[in-house]
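Subject: Structure for you to look at, with notes

Dear colleague,

Please find the structure just below, and keep it open while you read the notes that follow.

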Amino acid sequence: MGFDPSADYPLGQRRPELVTTPGGHALGDVTLDALRDGRIGAEDLRATPETLRRQSEVSRAAGRTQLADNLARAAELATVPAETILEVYTALRPHRSSAGELEEWAARLEAEWNAPLSAAFVREAKDVYAKRGLLAGERAAV
C-alpha cells in the first residue's frame, strides 16, 4: 500500500509501519522501558529523513507550504552532525559571516551532505543579509 499524504496523517496512528527509528526499530518499540533497558538508544529518539520527508508531504497536501519546506530541509539535515548544524546556525546569525563564508557553507551543504534545499536557504539568507547590511563587518542603515 502506497503512502497518501492526505489520508495517512497522523502517521504514527494511521501508518505506524512507515515510522521507524534511525536504528530500524518500529515506532511501537520506542518506549521508556526500552530506553531504560538499553534495547534502544538515545539515537533512536531522533526522526529519520524518511519520516521527515513524509511529514513534509503531509504538510504540503494540507496547504502548509512553509512547514513543508522546513520539514524538507530538516530531512536533509537529519544525518548532519549536531556540531555542524550549530556551526551553520552560528554562521547565519547577523554580522557573523561574510557573503563568501555563507557561500562556502552553502557549497558544503550541497557537496558533503547532499542538502540542496538547505544550501538554497543559506544562499537566500546571504542575499537578504547583503541587502539589509547584516553581513560581517557591515552596519545596517538606520
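In helix H4, the residues Ala68, Leu71, Ala72, Arg73, Ala75 and Glu76 are buried, where buried means under 20% relative accessible area, exposed means over 50%, and partly exposed covers what lies in between (1.4 Å probe, protein chains only). Helices here (H or I, at least four residues) and strands (E, at least two) are DSSP runs, numbered from the N terminus. The buried residues of H4 pack against H3, H6 and H7, contact being counted when heavy atoms are within 4.5 Å. At 1.5 Å a residue, the 13 residues of H4 should span 18 Å, and this agrees with its end C-alpha atoms, which are 18 Å apart; the expected span of a helix is 1.5 Å times one less than its number of residues.

Before going further, please note that this is a predicted model, in which local features need pLDDT of at least 70 and side-chain atom pairs count only at pLDDT 80 or more, while totals for chains, interfaces and linings use all residues. Residues are numbered from 1 along each chain as its sequence is written, and side-chain values use heavy atoms, with hydrogens and water left out.

Which residues of H7 are buried? They are Ser118, Ala119, Val122, Ala125, Lys126 and Tyr129. Seen down the axis of H7, these buried residues fall within an arc of 115°, so they line one face of the helix; the arc is that of the directions from the helix axis to the C-beta atoms. After H7 comes glycine 133, whose phi is positive, near 70°.

The charged side chains are worth a careful look as well. The structure holds 10 salt bridges, a salt bridge being a side-chain nitrogen of Lys or Arg within 4 Å of a carboxyl oxygen of Asp or Glu. In one of them, arginine 123 pairs with glutamate 103, and the closest N and O atoms are 2.8 Å apart. Because arginine 123 lies in helix H7 and glutamate 103 in helix H6, this pair ties together parts that are 20 residues apart in sequence. Arginine 123 also meets glutamate 110 in a salt bridge of 3.1 Å, N to O, and since glutamate 110 lies in helix H6 while arginine 123 lies in helix H7, this pair ties together parts that are 13 residues apart in sequence. How exposed are these side chains? Arginine 123 counts as partly exposed at 23% relative accessibility, glutamate 103 is partly exposed at 27%, and glutamate 110 is partly exposed at 34%. Glu103, Glu110, Arg123 and Lys126 are linked in a network of salt bridges.Another salt bridge joins glutamate 112 and arginine 108, with the closest N and O atoms 3.0 Å apart. Both of these residues lie in helix H6, 4 residues apart, which is about one turn of the helix.

The peptide bond from tyrosine 9 to proline 10 is cis, with omega near -5°, and proline 10 is found in the segment before helix H1 (11-14). Histidine 95, in the loop between H5 and H6, has a phi near 70°, a positive value in a residue other than glycine, and at 37% relative accessibility histidine 95 counts as partly exposed. Asparagine 114, in the loop between H6 and H7, likewise has a positive phi, near 50°, and counts as exposed at 62% relative accessibility.

Finally, there is the surface. Leu32, Leu35 and Leu45 form a nonpolar patch there, with about 280 Å² of accessible area together. Patches are made of residues with over 30% relative accessible area and no salt bridge, like charges being joined within 9 Å and nonpolar side chains (Val, Leu, Ile, Met, Phe, Trp, Tyr) within 5 Å, and accessible areas come from the Shrake-Rupley method with a 1.4 Å probe, where for residues only the protein chains shown count as cover. Leucine 45 is found in the loop between helix H2 (32-37) and helix H3 (49-61), and at 52% relative accessibility leucine 45 counts as exposed.
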